[in-house]
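User: I'd like to learn how to read features off a model like this one. Can you walk me through it?

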Amino acid sequence: MSSSETTARSPSRSAAADPPLHSERDDAADARKPLPHTQETGVMTTAPPSPPQAAMRLREIVFGAAGAAAVRAAARLGLADALGDEPLTVEELAASLGTPVQPLRRLLRALSCHGLFAAREDGRYVHTDMSRLLRDDAPDSLRSISLWCTEPWTWHAWPQLDVAVRSGQNVFTDLYGKEFFDYLHTDAAESAQVFNQAMTRSSMQSARDLAELLDLTGVSTVADIGGGQGHVLVRLLEKHPMLHGTLLDLPSVVANADARLRGDGPLADRSS
Ligand SMILES: C[S@@+](CC[C@H](N)C(=O)[O-])C[C@H]1O[C@@H](n2cnc3c(N)ncnc32)[C@H](O)[C@@H]1O
C-alpha cells in the first residue's frame, strides 16, 4: 500500500468510535478524494484534528493537575474564607490575603474557568456553589478533602501509575521506603494532620447518611474496620440503642476516638 493510501484511510479508522460512524464505502470515497497538501512536504501525512469535543475533553483531563493545583492553592491561601457574601475586587482580596494582585488575579481566572468563584461585569468576584465548599466554615466543607487529595506525596505517586499497573505492586513503598500509613505518621506530620481533618470532616458527613440509610434490623453488633475516630460508629450506636460496636484502627488514631465512645462517655459501655 502506498503512503498516500495510508494517509487517506487512517483518519476514518481512528474516528471509527465516534459518531457519525464512517462506513467502508465512505473510506473508499475518501481514498478517491484529492489529498490535502502542505507547503513543506506536498502531502499532509498527519490525521486531521479529532472532533473538537473529544479533543477538548482529553486536553482537560491531561491538564487536570493544573485545576487540582489551583484548588489546592485557594484552599491553602484561604481564598474562599476571605470572600464573604459581598463581592470583592481582586485588590481587596489580595490585601486581605497578603498576596500580590496579579498572581491572585490569574489564580482567580483559572479557578473561575472551573466554576469556582465568578467575576462580575465590574470585575468584582463572588462565590459560586463550588467555591463556597472551600470555606472552612461551610456545613459540608470540602476544604480539608481538597488539601488531602493534593498533598505533596500525591504528586510523586501519580506519575508512577503505569509502573503500578505493569507490576501490580504498591509503588508507594518504592518511593518512600515504607508503607503509606507508617510514612504518614512518622515522616509527614503536617500531612497526617490534614488527613485526620479530612477523614473527620468526611466521615461526619457520611456518618449522617449511613445512619439514615443502613438497615440494621436484627443486627446486634457492628465493627468499623479502619473506622478512624469512630464518627460512623457513634451515629449508629446513637440511632440503635440496643446495638454494640467495635472500633478498629491504629492505636494512635483510636487514642483520639470520639469522647462518647471512651471513659465515661454515654456510648462507652456499648463499644470496644
Ligand atoms: C481512608 S481512612 C478511613 C477512615 C474512616 N473510615 C472514617 O470514615 O473516618 C483509612 C483508615 O484505616 C486506618 N488504618 C490504616 N492501617 C491500618 C491498620 N493496619 N489497622 C487498622 N486500621 C488501619 C487508618 O488509620 C485510617 O483511619
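User: Which residues does Glu151 touch, not counting residues up to four places away in sequence?

Analyst: Contact here means that two C-beta atoms, placed from the backbone, lie within 7 Å. By that test Glu151 touches Ser191 and Val194. Glu151 and Val194 are 43 residues apart in sequence, yet 8.6 Å apart in space, C-alpha to C-alpha. One caveat: this is a predicted model, where local features need pLDDT of at least 70, side-chain atom pairs count only at pLDDT 80 or more, and totals for chains, interfaces and linings use all residues. Numbering starts from 1 along each chain as its sequence is written.

User: What about Phe117, buried or exposed?

Analyst: Phe117 has 24 C-beta neighbours inside 10 Å, so it counts as buried. It sits in the loop between H7 and strand S1 (118-119). Phe117 also has a positive phi of about 70° although it is not a glycine. Across the protein, 19% of the 272 residues count as buried.

User: How do I read a helix pair, and at what angle do H6 and H7 pack?

Analyst: Two packed helices are described by the angle between their axes and the distance between the axes. The axes are lines fitted to C-alpha atoms, for helices over the stretch in contact, and angles run from 0 to 180 degrees between N-to-C directions. Helix H6 (residues 90-97) and helix H7 (residues 101-113) pack at about 115°, with axes 9 Å apart. That makes H6 roughly perpendicular to H7; the classes are under 35 degrees for roughly parallel, over 145 for roughly antiparallel, 65 to 115 for roughly perpendicular, and oblique for the rest. On the H6 side the contact uses Val90, Glu91, Leu93, Ala94 and Leu97, and on the H7 side Val101, Leu104, Arg105 and Leu108. By class that is 7 nonpolar, no polar and 2 charged residues, where Ala, Val, Leu, Ile, Met, Phe, Trp, Tyr, Cys and Pro count as nonpolar, Asp, Glu, Lys and Arg as charged, and the others, Gly among them, as polar.

User: At what angle do H14 and H15 pack?

Analyst: About 30°, with the axes of H14 and H15 8 Å apart. They are therefore roughly parallel to each other. Thr200, Ser203, Met204, Ala207, Arg208, Leu210 and Ala211 of H14 meet His231, Val232, Arg235, Leu236 and Lys239 of H15. Those residues divide into 6 nonpolar, 3 polar and 3 charged.

User: How many residues of helix H15 are buried?

Analyst: In H15 (residues 231-239), 7 of the 9 residues are buried, so this helix is largely enclosed by the rest of the structure. The buried residues of H15 pack against helix H14 (189-213), strand S3 (221-225) and strand S4 (244-248).

User: Which residues surround the ligand?

Analyst: The test is a C-beta atom, placed from the backbone, within 6 Å of the molecule. The ligand is surrounded by Phe181, Met199, Ser203, Gly226, Gly227, Gly228, Val232, Leu248, Asp249, Leu250 and Val253. This shell divides into 6 nonpolar, 4 polar and 1 charged.

Key. A residue is buried if 20 or more other C-beta atoms lie within 10 Å of its own, exposed if 12 or fewer, and partly exposed in between; C-beta atoms are placed from the backbone. Helices (H or I, at least four residues) and strands (E, at least two) are DSSP runs, numbered from the N terminus.
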